[in-house]
Amino acid sequence: MKKIIITGGAGFIGSHVVRRFVNQYPDYQIVNLDALTYAGNLENLEDVESKENYKFIKADIRDAELIESVFETEQPDAVIHLAAESHVDRSIKDPLAFVQTNVIGTVNLLNAAKKTWKSDYSKYRFYHVSTDEVYGALGETGFFTEETAYNPHSPYSASKASSDHFVRAYHDTYGMDTVVSNCSNNYGANHFPEKLIPLSINNIKNNKSIPIYGKGLNVRDWLWVEDHARAIDVIFHNAKTGTTYNIGGHNEWTNIDLIKLLCKIMDKKLDREPGTSEKLITYVEDRAGHDLRYAIDPNKLQNELGWKPSLQFEEGLEKTVDWYLANEKWLNNVTSGNYQQYYELQYKDK
Ligand code: NAD
């Protein structure tokens, strides 16, 4: 029996990780620890919340005392840490919020784990989920490898870089069993509609303009969220202590090409004349400090642990569109903020 605290489990990627672990490992106890910020939505986990090996704890990782007491009570064998402020645009407006959750919150978790595990790290693991944005920007060629020097540009990526360093420092200084993975951009179901793909799907559906930064030439490497969750599973169970893995699918798209493909899919799904959705594209002033290109070299993960992405992008994008069109209630609740009432209704007496 293993007990794993998964932080940020009510968010986009976290909910896919929680679902995967609850379903694949019925003999594990999965504790979803999440503060339910604007990005945390327990509706993402309706299908697992009655399972015996699942439990939700509402807690804020910025609160060191509370986190320590949760660890004391739960006595976890492992942590998979995804809780974070995750939106670059928000980090430009309010960098301190990103330091508080992403840096101090991570150190609070490390301290609670260190105290609970009493420096006996042979049986325990702290797995930190991070982003490729810590490496900074690439030119038109080349890839990020695990050896690429950190060079973050946004307050978001600077806070994630800092948290990665703290996790590694707890391995190097105290001998804690830690693992870090740095992943490219994710897409798929349950993605909060402030991010490019779900925002564009929602706007196309409602005949609203699709804002594209600058000339739309920034390049991102997109990975289906369930492939990321599977990579986390493989790395969690097989990585050697103190190691890092990059996760990506060699799937680079300029923003404008991606949106044009999405428009084509949306025209088909909504029975619109070809070209209708593309007319909604509107170029807006570029994001400050916008990194030109991110691209991951996932060879270490593929060669050492045998992980490969399972979906072609067009297939994954179509699946994602189908999910958003079939889950109008989820989208309406999220955009209206109603999902925050879900917690009150579901959990207030528990
Ligand atoms: P998200 O914003 O959808 O979810 C974040 C979750 O963390 C939410 O449920 C939120 O309630 C919770 N949270 C935020 N602050 C908290 C706090 N102080 N205490 C407890 N819980 C808190 O984010 P996501 O896109 O699912 O990203 C999850 C992780 O993966 C992040 O660490 C992010 O840096 C990393 N990541 C994301 C991507 C991506 O493309 N989305 C890519 C690579 C890595």
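Good morning. Of the 350 residues in this protein, 44% are buried, where buried means that 20 or more other C-beta atoms lie within 10 Å of the residue's own, exposed means 12 or fewer, partly exposed is in between, and C-beta atoms are placed from the backbone.

What you see is a predicted model, in which local features need pLDDT of at least 70, side-chain atom pairs count only at pLDDT 80 or more, and totals for chains, interfaces and linings use all residues. Residues are numbered from 1 along each chain as its sequence is written.

I begin with the overall fold. The protein has 12 helices and 12 strands; these are DSSP runs, with helices (H or I) of at least four residues and strands (E) of at least two, numbered from the N terminus. Its radius of gyration is 20 Å, close to the 20 Å given by the globule rule for 350 residues, so the protein is as compact as a globular protein of that length. That radius is taken over C-alpha atoms, and the rule is 2.2 Å times the number of residues to the power 0.38. Along the principal axes, the C-alpha atoms fill a box of roughly 65 × 50 × 40 Å. Of the contacts between residues at least 6 apart in sequence, 81% join residues at least 24 apart; a contact requires C-beta atoms, placed from the backbone, within 7 Å.

A word on annotation. An unreviewed UniProt entry lists residues 5–320 as "domain: NAD(P)-binding"; positions are in the numbering used here, feature names are shortened, and annotations may be inferred rather than shown by experiment. Over residues 5–320, the chain is 40% helix and 18% strand.

Next, the interior. In soluble globular proteins, nonpolar side chains tend to be buried together. Here the largest nonpolar core holds 79 residues, of which I6, V17 and I80 touch the most other members. Such a core is a set of buried Ala, Val, Leu, Ile, Met, Phe, Trp, Tyr and Cys residues joined through C-beta atoms within 7 Å. Leaving aside residues up to four places away in sequence, I80 touches I4, I6, V17, Y127, V129, I232 and F236.

Which strands form the open three-stranded sheet? The order is 7-9-11, with mixed pairing; two strands pair if DSSP finds at least two bridges between them. Strand 7 (185–187) and strand 11 (252–254) stand at the edges with a single partner strand each, so one side of each has no neighbour in the sheet. Strand 9 (residues 219–224) runs antiparallel to strand 11, joined by three bridges, and D221 has E252 in strand 11 as its bridge partner.

Finally, the region around helix 6. I197 lies in helix 6 (residues 196–205) and counts as buried because it has 21 C-beta neighbours inside 10 Å. Beyond residues up to four places away in sequence, I197 touches Y187, H191, L262 and T320.

N207, in the loop between helix 6 and strand 8 (210–213), is exposed, with 12 other C-beta atoms within 10 Å.

Notes. Contact = placed C-beta atoms within 7 Å.
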